[in-house]
Amino acid sequence: MIKVIKIGGSIQKDEKDYELIADKISKYSDENRTLIVTSAIKGVTDQLTSVINETDKAVDKVTEIYDKHIKLLSKLVDGIEFEKAFRDISRLVDELYRIAWSIRVLDEATPRVKDYILSFGERLAVILLSSFLRTRKFSVNNLIEPPIVTDENYSEANVLLEDSKELLSKKLEESQQKIVVLPGFIGKSKNNRYTTIGRGGSDYTATLIGKLVDAKEVRLVTEVPGIMTADPRKISNSVTIQRLSLEEAIELSQLGAKKLHPRTFDPLFDANMKVIIEGLYEEGCTIIEGLCTSKDGLKGITTKEGLSLITIESTRIVGKIGSASTITSEAKNANVNIIALSQPASETTIQFVVDQKDQKKFVERLSQLSGLIKNIELSEVGAVSIVGCGLRNKEISSKVLSKASSYNPIFVSRGLKGVSITFIVDKKELDSISKELHEVVVNWSIN
Ligand SMILES: Nc1ncnc2c1ncn2[C@@H]1O[C@H](COP(=O)(O)OP(=O)(O)O)[C@@H](O)[C@H]1O
Ligand SMILES: N[C@@H](CC(=O)OP(=O)(O)O)C(=O)O
């Protein structure tokens, strides 16, 4: 039975991390094959993003990335293994230097070039991790080139399942060793162009690969001991969630918990596979398996800051078929994502929540609809969402609603199959409502 283990970027910083990673891999790999999916080492995807965005510093940024990998390599590996990895890393970084020089001259990078640049992070991490594991006497092969085939929708490429399955099984047949290290997050199109599947995408690569090889379990190893009841950096008494149903996990990932890619759990549909998210530094894990049961309570909360509420008031939109679609088309034309929206039955008001950075361009567009819209009001808000199948239970749901009501939320909406509820609140109230709702979650965290 093939196993899949994903090693997050957050836990690839120094020699101590790699020692713990080796322990983890020896604990879980047995006589069967183990596929190790790796992310770029900590901070490297962000550094590569600044190669793209700060073209004048692009070349210096590449030097920083190179130094970071070579420094780590020299602490982790020696002898012939060091020489080989050093050559492989230097060869890749030479290629990256050439691209950095050209975007410095051109002062721009196309979406295709951006993905090409981002692909270096995971490819370099594969070299580092596989050579380290070899020095620890693991029997390891690596696939520096991604075995995932995608379309060319750069930065959010869609995986072509059948082609990926074929390529992956061919690559696995060719590689002789028991352990194979391969890159997360990146793919290649049929035209041989590098693509990326979206930030945080390595978790998604791992679950996809799990599905492609018919694995029974996929382990995502990270710096936190599983998915917690809230972001531990924001709520200090958050605790690990023991079990999540698929619906709950999807809602939490869509809401940004543990920076999971929104499609991370899609491969679990129609697959007999569970996902375990576990910590490297401390005991604890979250198991994602099965669908909602009547025993499920509340599981976690997430918050979103930096949001703008756009309130459109107009009697001209009342009963006018197509007015909502005219307004939302303006968001589409301005390339603005609507995070939440609400309209009462009186139809006199429509409210949209967008990221603060998108507010100006959306409002500029809306101002042009003067025949339809009379008044636009703006305010700063936050979103707090509770996730748990228990929300379908009237008793539990009324506890949540009654706690939230003391903050007079601007509007309330339910998520997928009723397993999440989101409150849009004044920016100033976000912290206190989150803490209070977190207490409700912990008190009703049955199962
Ligand atoms: N509900 C949550 N549970 C656990 N971690 C969370 C949650 N919400 C946000 N996080 C943050 O996600 C981070 C881990 O994600 P990430 O850095 O992408 O890890 P990795 O690189 O290992 O995939 C943690 O440091 C934590 O602060
Ligand atoms: N390196 C990519 C993909 C990824 O999933 O990384 P991590 O496992 O560190 O979240 C990113 O930063 O988005």
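Of the 15 residues around ligand 2, those that come nearest are Gly9, Ser39, Thr45, Phe185 and Ser202, where a residue is near a molecule or strand if its C-beta atom, placed from the backbone, lies within 6 Å of it. The model is a predicted one, in which local features need pLDDT of at least 70 and side-chain atom pairs count only at pLDDT 80 or more, whereas totals for chains, interfaces and linings use all residues. Residues are numbered from 1 along each chain as its sequence is written, while chains are lettered from A and ligands numbered from 1 in the order in which they are written.

The shell around ligand 2 divides into 2 nonpolar, 10 polar and 3 charged residues. In this classification Ala, Val, Leu, Ile, Met, Phe, Trp, Tyr, Cys and Pro count as nonpolar, Asp, Glu, Lys and Arg as charged, and the others, Gly among them, as polar. Helix α7 (residues 201–212) supplies the largest share of this shell, 3 residues. Around ligand 1 there are 19 residues, of which Gly8, Ser10, Thr222, Met228 and Asp231 come nearest. The shell around ligand 1 has 7 nonpolar, 7 polar and 5 charged residues.

Phe185, one of the residues that come nearest to ligand 2, is placed in the loop between β5 (179–183) and β6 (186–189). Its phi is near 70°, a positive value in a residue other than glycine. Phenylalanine 185 is buried, with 29 other C-beta atoms within 10 Å; a residue is buried if 20 or more other C-beta atoms lie within 10 Å of its own, exposed if 12 or fewer, and partly exposed in between, with C-beta atoms placed from the backbone. A positive phi of about 70° also belongs to lysine 137, which is not a glycine. Lysine 137 is found in the loop between α5 (111–135) and β3 (140–142), and counts as exposed because it has 9 C-beta neighbours inside 10 Å.

In total, the secondary structure of the protein comes to 12 helices and 17 strands. Helices (H or I, at least four residues) and strands (E, at least two) are DSSP runs, numbered from the N terminus. One open sheet consists of 8 strands in the order β3-β5-β2-β1-β8-β10-β11-β9, with mixed pairing; two strands pair if DSSP finds at least two bridges between them. At its edges stand β3 and β9 (243–244), each with a single partner strand, so one side of each is left without a neighbour in the sheet. Within this sheet, strand β2 (residues 34–38) pairs with β5 in the parallel sense over 5 bridges, and valine 37 has leucine 182 in β5 as its bridge partner. Helix α7 packs on the sheet and touches β1 (3–7), β2, β8 (217–222) and β10 (274–279). The direction of α7 makes about 175° with that of β1; axes are lines fitted to C-alpha atoms, for helices over the stretch in contact, and angles run from 0 to 180 degrees between N-to-C directions.

Strand β4 (residues 149–150) is joined to β6 by 2 bridges in a parallel arrangement, with lysine 188 in β6 as the bridge partner of valine 149. An antiparallel pairing of 3 bridges joins β6 to strand β7 (residues 194–196), and here lysine 188 has tyrosine 194 as its bridge partner. β6 and β7 form a hairpin with 4 residues between them, and asparagine 192 in the turn has a positive phi of about 70°.

Another open sheet contains 6 strands with antiparallel pairing, in the order β13-β14-β12-β15-β17-β16. Its edge strands, β13 (338–342) and β16 (411–414), each pair on one side only. Neighbouring strands of this sheet are turned by 30° against each other on average, direction ignored. Strand β15 (residues 375–387) is joined to antiparallel strand β17 (residues 420–426) by 7 bridges, and serine 385 has threonine 422 in β17 as its bridge partner. Valine 384 also lies in strand β15 and counts as buried, with 27 C-beta neighbours inside 10 Å. Beyond neighbours within four places in sequence, valine 384 is in contact with residues including Ile301, Phe423, Ile433 and Leu437, two residues being in contact if their C-beta atoms, placed from the backbone, lie within 7 Å. The C-alpha atoms of valine 384 and leucine 437, which are 53 residues apart along the chain, are separated by 8.8 Å.

Buried residues make up 45% of the 447 residues in the protein.
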